[in-house]
Amino acid sequence: MWSLVALFNIWKMVSGSIVFLLSRCCPPDVVVFPHCVEEVSALTKVCHQHRLPIIPFGTGTGLEGGVSAVEGGVCFSLRNMDQILDLHQEDFDVTVEPGVTRKALNAYLRDTGLWFPVDPGADASLCGMAATSASGTNAVRYGTMRENVVNLEVVLSDGTIIHTAGKGRRPRKTSAGYNLTNLFVGSEGTLGIITKTTLRLYGIPEAMVSAVCSFPSVQDAVDSTVQILQAGVPIARIEFLDDVMIDACNRFSCLSYPVTPTLFLEFHGSEQSLKEQVNTTEDITQSNRGSDFQWAQDAETRNRLWKARHDAWYAALALRPGCKAYATDVCVPLSQLPQIIVETKEDLIENRLTGPIAGHVGDGNFHCLMVVDPTDPEELHQVHLFTERLARRALAMGGTCTGEHGVGLGKRALLCEELGSMAIQVMQGLKDTLDPHNMMNPGKILQPREL
Ligand SMILES: Cc1cc2nc3c(=O)[nH]c(=O)nc-3n(C[C@H](O)[C@H](O)[C@H](O)COP(=O)(O)OP(=O)(O)OC[C@H]3O[C@@H](n4cnc5c(N)ncnc54)[C@H](O)[C@@H]3O)c2cc1C
């Protein structure tokens, strides 16, 4: 049977996570470790009966404090549900339980010639990635979780079990009814507990090449990105790091790239198509004053390069020992990207804030990793004002503050402005229908009074 453990110190063990909030840590009252969907459902019914908050927990790699139990309650750690079920190689799909991480799935798939490409850097659980609609460095080619989740099994707040695309179904397309799957993708544990996800898989590319290219200015690097995409190069990864970020990565990962705005790129395909992609990309970057192109085809060098990119968060933190990091997260239409990054850098310099910039620029998405002294109220205030300005700038350009890292400061105040009050009311109506007692992850709910 399930283990019901009411111990605060167990919470600390479970949450060996890097969750950072600018506010205090909020542990739950109880942590439970169900082994199957029936146990999740039974436990949820107990919570429902006693009106206890429910906080689903994947691997705790979310950076915006989504697993924080601001009202106490019961944390559902799903790590014991770690089975990979129903692999359909010929249909390119697989179903997994919530304790399966993306690295575990890819290790399992290694001999099949298939892989799951959505890669947020951290070894997150796939259901947690569905819950946060994770993206990552490969999103420019393969899409985010939203494009790659085919079906979900979800336990609602009263213990009811539903399948968003129908039980056992794996359709690539459906027009039957509302798109319930995408309602739950990105719902961050506020509508139900995801206990299974069916995912699209892809063939492992015949060949991969990575590259690093330096630029004299932010504008040149971002212009290159826009032109590479406009030229129709099916690039798999294109990541921007500003001079402060590349300097931090050099120090943290023992690299020696020039300290200027930089693009990390990766191409996937056949040998022939790689040649074409690489030639077009080199022409474009050279016309934008790109230099110091460094290519890597062997897996070891490529892995070192991408590990350095994925460690950017820790590299930023190492810039100011003792400080904490707060990641902003905005996304704008591609054409607006050069302007917003240039303006944001000017803002950071003018206000003397430490905020190295790293971005999935192929999607128009970038982060300022704000490194801040949590004991300095004036600095915290300045960071708060900066995030507000950044979010407003993004909204004015037709963009958004995405949920990946920064639901907190910038987003909360601007959500109403961004979506419109009617859209918020519709969301509230959905929430009231699925979770009438506001038990599911109540700390994440954007009550109208907060807006
Ligand atoms: C170094 C680093 C880099 C990162 N880069 C990226 C990036 O590039 N792109 C990106 O998108 N993210 C990125 N992230 C964020 C992170 O990896 C994702 O948010 C991840 O998808 C969360 O998965 P998890 O299993 O850790 O969920 P958790 O952190 O455990 O939970 C996150 C939220 O989802 C809910 N949740 C978790 N599991 C379930 C479930 N089974 N059912 C319902 N709700 C659930 C939780 O209640 C919480 O609200 C990065 C994180 C780190 C540490």
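**Group meeting: a helix pair and a covered strand**

Hi everyone, let's start with a crossing: helix α8 passes helix α10 in a right-handed way, meaning that the near helix is turned clockwise from the far one by less than a right angle. This is a predicted model, where local features need pLDDT of at least 70, side-chain atom pairs count only at pLDDT 80 or more, and totals for chains, interfaces and linings use all residues. Residues are numbered from 1 along each chain as its sequence is written, and side-chain values use heavy atoms, leaving out hydrogens and water.

Back to our helices, which are DSSP runs of H or I with at least four residues, while strands are E runs of at least two, numbered from the N terminus. α8 covers residues 218-230 and α10 residues 271-287, and they pack at about 145 degrees with axes 9 Å apart. Those axes are lines fitted to C-alpha atoms over the stretch in contact, with angles from 0 to 180 degrees between N-to-C directions.

Who touches whom? Ser224, Gln227 and Ile228 of α8 meet Thr281, Ile284, Thr285 and Ser287 of α10, with contact meaning heavy atoms within 4.5 Å.

Now, strand β2, residues 30-33. Val30 and Val32 lie on one side, Val31 and Phe33 on the other, and all are buried, that is, under 20% relative accessible area with a 1.4 Å probe, protein chains only. In a regular strand, side chains alternate between the two faces of the sheet. β2 pairs with β4 (residues 74-77) in the parallel sense over 3 bridges; pairing takes at least two DSSP bridges. There, valine 32 stands opposite phenylalanine 76.

Finally, the whole protein: 16 helices and 20 strands, with 53% of its 451 residues buried. Thanks, everyone!

Terms used. Buried means under 20% relative accessible area, exposed over 50%, partly exposed in between (1.4 Å probe, protein chains only).
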